[in-house]
Each structure stands twice: as structure tokens, then as C-alpha cells.
Amino acid sequence: MLKNPLLLVAFIFFFLGSSAWSQQLPKNPLEGRIVFEKEGCLSCHAVNGTGGTTGPDFGKQIFSGDNYDLLSEMWNHSEKMLLVMARTRTKRPSFTGQDFRELGEFLYFIRYLGQPGNISAGKRLFAGKECIQCHSVGGAVPGKIALDSLKIYVSPVHLAQAMWNHSNLMRRRGVRRGIKLPTFSDNEFADLTAYIRAASSLKSEERIYSYPGSPTLGEKLFKEKGCYYCHVEKPVGPNLDRINTNESVTRIAGIMWNHSGKMEAAMKTMKQPYPSFSGNEMADLISYLYFRGTPKTAGSAKLGEQLFKQKGCESCHEAGNRFNAPTVDRLGPFHDKDDFLAALWNHAPRMEELLLAKGKKPPVLMPNEVKSLYLFVDAKTKAGN
Ligand code: HEC
Ligand code: HEC
Ligand code: HEC
Ligand code: HEC
């Protein structure tokens with residue numbers, strides 16, 4: 001069992017400092033870590049190595065989806081999870097709607113944080129990506145631009161932002177010296193950041209964290225910086241709905257950097273100013289790209305009506321049933337989808353018990369089926385109330 005759950009908090013704050021999230025989108029995706037700890041998930045599931053090892057690590061086996069996905073995952077794995085819980089005498093988790101919403105936001109957010117950087121991988125990249133041709137770190141080298149002062153910036157987004165802002169100068173020098181500027185993938189921005197911070201000759205212990213970014217501020221920047229112009233208004237760039245931005249902050253920073261060359265060229269032709277970023281702007285923009293990239297589960301009330309029969313819900317939830325299960329129009333009412341998902345999850349033990357008595361197993365529920373059931377029940381309860 002985990003001795004120090006606060007480690008998880010320390011891990012997250014290592015990345016972010018503290019949080020300032022906007023109102024409409026998740027107010028604060030870190031809230032859900034409280035539910036994660038309170039309901040005992042952390043004693044079996046780790047986040048990037050911090051936590052229990054009985055279940056999969058949410059940092060490695062990255063969960064990415066909406067709450068229909070989460071419920072489906074938990075529901076379909078519940079048999080094994082429950083066995084372990086019984087063996088370890090762990091209380092079965094139960095949720096309010098708000099708990100479940102926050103839990104989902106938190107788990108979704110872990111993907112955004114990505115993995116911590118690796119210093120030795122960063123050292124290899126510094127040479128392999130030709131940075132070393134023009135830059136030094138760890139001590140001044142004549143004719144090279146020192147990057148030591150970057151040590152104080154903990155977040156890889158700062159490195160991406162600084163490079164973005166200087167990309168014009170970098171590219172020009174590259175052309176002069178016959179060096180092609182590198183592209184980025186995976187966790188490379190984080191690795192380079194880790195290396196620069198470790199190798200820097202700067203004595204300062206000051207640390208500047210990046211905030212997780214505000215998607216609503218990011219949405220504004222998307223217009224102000226001309227992204228909207230090229231990607232929506234006069235679409236010279238691709239439709240961003242077709243680009244996968246459900247990636248870590250570091251990867252999205254890489255996607256942005258990789259396209260800066262072509263973008264710069266397009267901007268020159270169109271006589272648009274090259275956008276530069278200050279403060280937390282790059283993080284804001286990236287968090288906007290991340291949240292607009294949330295995968296959306298499909299579903300329909302019509303399919304839900306069929307599923308309510310096929311999945312055996314109706315066998316209990318019919319008029320005059322002997323289990324005292326409410327008929328479908330008397331379920332709820334549910335404030336929102338998370339309220340429904342929590343109620344569905346909380347009643348699983350009772351349902352399983354009744355089904356087991358009949359020698360049956362609980363139905364498997366895929367995300368689109370969960371959503372369809374919700375849409376069906378919600379329509380029925382609204383009509384019934
Ligand atoms: C007593 C240990 C235990 C606790 C407590 C626990 N889990 Fe699990 N969980 C497991 C195990 C074991 C699996 C793997 C089951 C399998 O492979 O079928 C699992 C699987 C999962 C999965 C599916 C992951 C995947 O993609 O394979 C999700 C999602 C999940 N758990 C969420 C949670 C959440 C959220 C909580 C807290 C509310 C929680 N679990 C609490 C043991 C636990
Ligand atoms: C061809 C030469 C060249 C290469 C290769 C190159 N840079 Fe640069 N870099 C520059 C120039 C020129 C500047 C602008 C310096 C200035 O503003 O005077 C710069 C600026 C920067 C800055 C901004 C510095 C600051 O103080 O804000 C960062 C960060 C940076 N580079 C990182 C990198 C990294 C990381 C790599 C390797 C992936 C790299 N550069 C590769 C030439 C290069
Ligand atoms: C002058 C026009 C222009 C502007 C302004 C512009 N883009 Fe682009 N963008 C493009 C073009 C052209 C491409 C396709 C080039 C390519 O395939 O690399 C592109 C591609 C992209 C991609 C996909 C990259 C990939 O890997 O497929 C993303 C993400 C993106 N832009 C985001 C942005 C954001 C965010 C902004 C605002 C800071 C922005 N763009 C501003 C023209 C523009
Ligand atoms: C074996 C019988 C049984 C089956 C099968 C069953 N339920 Fe239930 N359900 C109940 C009972 C009994 C209750 C009353 C509350 C309780 O005992 O937990 C209930 C309660 C609920 C609630 C919570 C009601 C509230 O107002 O909080 C929801 C939501 C629900 N069921 C949905 C479903 C769905 C969707 C299915 C099909 C996937 C299903 N049930 C299958 C027996 C069953």
C-alpha cells in the first residue's frame with residue numbers, strides 16, 4: 001500500500017506549480033486527485049510510478065477519453081477489480097455525480113502532463129538535433145549562444161515557446177551554415193528541458209513553473225494570433241479537427257514547432273505577422289488545442305432503448321418486478337450525465353448480486369452503449385417528471 005499519497009501531489013506540482021483553470025472547461029482538473037485518493041484508486045493504481053502496483057499505471061497506460069469511456073473501462077474491468085478489493089479488504093468506491101466528473105477530468109488530464117523528461121536522453125538530443133552546433137550549456141563556448149539561463153524554467157512549454165519566438169533567427173542561421181533545423185516528437189522537448197536544467201552553470205535555485213494553461217484564454221489567442229484566420233476563415237492550413245491534438249503538452253508543442261517553418265512561409269506570402277508568445281500564452285494555446293481534441297463518444301437515445309432490453313436492464317426495471325427496481329421513467333432524475341454514471345456505478349453491486357442469484361453475469365458496456373443508455377433514460381425521466 002502507498003505510504004505517502006502526497007507524493008502524487010508533489011509529482012503534479014512539479015509540472016505545474018499551481019493551477020489556474022478557466023471556468024467553462026474544467027475549473028480545476030486537479031480537484032479529481034482528491035477523489036482518486038479518497039476512493040482508494042491510488043492504493044492500486046499509480047500515476048507515473050507513484051502509487052500502488054496492483055492495477056495499471058495511469059501515467060503509462062494512458063487513459064484518454066470522456067467519462068463514458070471511464071465508466072465503460074471501470075465497469076468492464078470491475079470483476080477483476082472487485083476480486084482484488086475483496087482479497088485486500090478494500091472498500092468498493094462509490095461516487096456522487098460531482099466526484100465522478102472530477103475523477104474523469106483528473107484522469108484525462110494525466111495524459112496532458114505527459115512523462116517527466118530524461119536527462120541522458122536530453123543530452124543525446126542536444127547533440128543529435130544539432131543544437132550543439134549553435135548553442136552551449138554548462139559553460140560559455142566562444143561563438144555559441146548559451147542556454148544556461150533557461151535553467152529556472154521547469155516546464156518544457158517554456159523551451160518550446162522560446163524556440164518558437166526565435167525560430168526566424170534560428171532558421172536563417174541554419175540556412176547560412178547548412179544546418180537543417182530539427183523536428184520534434186514524443187517526449188523530446190521534456191528530455192531537452194531536463195538536460196538543460198541539469199547541465200546549466202547557473203547557480204540560481206529559482207524555479208518558474210508553467211500553469212496548466214487556460215483553454216478559454218487559449219481560444220482567444222487562437223483568434224488573436226492569426227491561427228483562426230489560416231485554419232478556419234481562409235483555410236490555407238488543414239482543418240484542425242483532423243489533427244490529433246489529444247496528446248501530451250510536450251507532444252503538442254512539438255506539433256506546433258514542426259509546422260512553424262511552413263507556417264512562416266505561408267505568413268510571408270499572405271503578409272501576416274509572425275505570432276510570438278509571452279508569459280503563459282503558449283501553454284494557454286496548447287491547453288485549448290488539447291481540450292478541443294477530446295474524443296467524443298457517439299450514442300443515441302434510440303440505440304439506448306434497444307440496449308435497455310438487450311443488456312437485460314429491462315428484465316429488472318420493468319413494472320411490477322420483484323426486485324423493487326424503479327421503472328425507467330422513475331429512475332433519477334439525473335442532474336447531468338455524471339450524476340447518471342455515478343448512480344449506475346453505485347448500483348452495480350446490488351445488480352450483480354441479483355444477477356448472480358439467477359446465475360447471470362453483468363452485461364459488458366461499451367462507451368457508446370453507456371452514452372446511449374444515458375440519453376434514453378434521460379429522455380424518459382424528463383418525460384416522466
Ligand atoms: C483493490 C485494487 C483496486 C482499486 C482500489 C481500484 N482498482 Fe482499478 N483496477 C484494478 C485492477 C487489478 C485492474 C485491472 C483489471 C483487469 O485487467 O481486468 C483495474 C483496472 C482499472 C481500469 C481499466 C484500465 C485499463 O485500461 O485496463 C480503470 C479505468 C480503473 N481500474 C479505474 C479505477 C478507479 C477510477 C479507481 C478508484 C475509484 C480504481 N480503479 C480502484 C484494481 C483496483
Ligand atoms: C543553426 C543554428 C541553431 C541551431 C541548430 C539551433 N539554434 Fe537555437 N537559436 C539560434 C539563434 C540564432 C537564436 C537566436 C539568438 C538571439 O536571439 O540572439 C536561437 C535561440 C534559441 C533559444 C532562445 C534563447 C533565449 O534566450 O530565449 C532557444 C531556447 C534555443 N535557441 C534552443 C535551441 C535548441 C533546443 C536547439 C536544438 C533542438 C536549437 N536551439 C538549435 C540558432 C540555432
Ligand atoms: C499563415 C497561415 C497560418 C497561420 C497564421 C497558422 N497556421 Fe497552422 N498551419 C498552416 C499550414 C499551411 C499548415 C500545414 C503545414 C504543414 O503541413 O506543416 C498548418 C498546420 C498546422 C497544424 C498541424 C500540424 C501537423 O503536424 O499536421 C497545427 C496543429 C497548426 N497549424 C496550429 C496552428 C496554430 C495553433 C496557429 C496559431 C498560433 C497556427 N497554426 C497559425 C498555416 C497557418
Ligand atoms: C438484476 C436486476 C437489475 C438489473 C439487471 C439492472 N438493474 Fe438497475 N437497479 C436495480 C435495482 C434493484 C435498483 C434500485 C436501487 C438499488 O437497489 O441500488 C436499480 C437502480 C438503478 C439506477 C439508479 C436509480 C436512481 O435513481 O439512483 C440506475 C441508473 C439503473 N438501475 C440503471 C440500470 C441500467 C442502465 C441497467 C442495464 C445496464 C440496469 N440498471 C440493470 C436492479 C437492476
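**Exercise 1.** In this predicted model, find how far a nitrogen atom of ligand 1 is from an N or O atom in the side chain of H45.

*Solution.* Start at H45: an N or O atom of its side chain sits 2.9 Å from a nitrogen atom of ligand 1. One oxygen atom of ligand 1 is 3.0 Å from a side-chain N or O atom of E73. Then go to H77, where a polar side-chain atom is 3.2 Å from an oxygen atom of ligand 1.

**Exercise 2.** Work out which element gives the most residues to the shell around ligand 1.

*Solution.* First, list the elements that give two or more residues: α3 (41-44), α4 (67-76) and α5 (78-87). Now pick the top one: α5, with four residues. As for make-up, the shell splits into twelve nonpolar, eight polar and two charged residues.

**Exercise 3.** Explain why the arrangement around the iron atom of ligand 2 is octahedral.

*Solution.* Begin with the protein donors, H135 (NE2) and M170 (SD), which lie 2.0 to 2.8 Å from the iron atom. Then check the angles: the six donor atoms subtend 79 to 179°, so the arrangement counts as octahedral. For comparison, ideal octahedral angles are 90 or 180 degrees.

**Exercise 4.** Decide whether H135 is buried or exposed.

*Solution.* Buried means under 20%, and H135 has 14% relative accessibility, so H135 counts as buried. M170, at 22%, counts as partly exposed.

Methods:
Residues are numbered from 1 along each chain as its sequence is written. Chains are lettered from A and ligands numbered from 1 in the order in which they are written. This is a predicted model: local features need pLDDT of at least 70, side-chain atom pairs count only at pLDDT 80 or more; totals for chains, interfaces and linings use all residues. Side-chain values use heavy atoms; hydrogens and water are left out. A polar contact is a pair of N or O atoms within 3.5 Å; within protein, one must be able to donate a hydrogen and the other to accept it, and residues adjacent in sequence count only if both atoms are side-chain atoms. Ala, Val, Leu, Ile, Met, Phe, Trp, Tyr, Cys and Pro count as nonpolar, Asp, Glu, Lys and Arg as charged, and the others, Gly among them, as polar. Donors are N, O and S atoms within 2.8 Å of the metal (3.2 Å for Na, K and Ca); water is not among the atoms, so sites may look incomplete. Four donors count as tetrahedral if all angles lie between 85 and 135 degrees; four count as square planar and six as octahedral if opposite donors are over 155 degrees apart and all others between 65 and 115; anything else is irregular. Buried means under 20% relative accessible area, exposed over 50%, partly exposed in between (1.4 Å probe, protein chains only).
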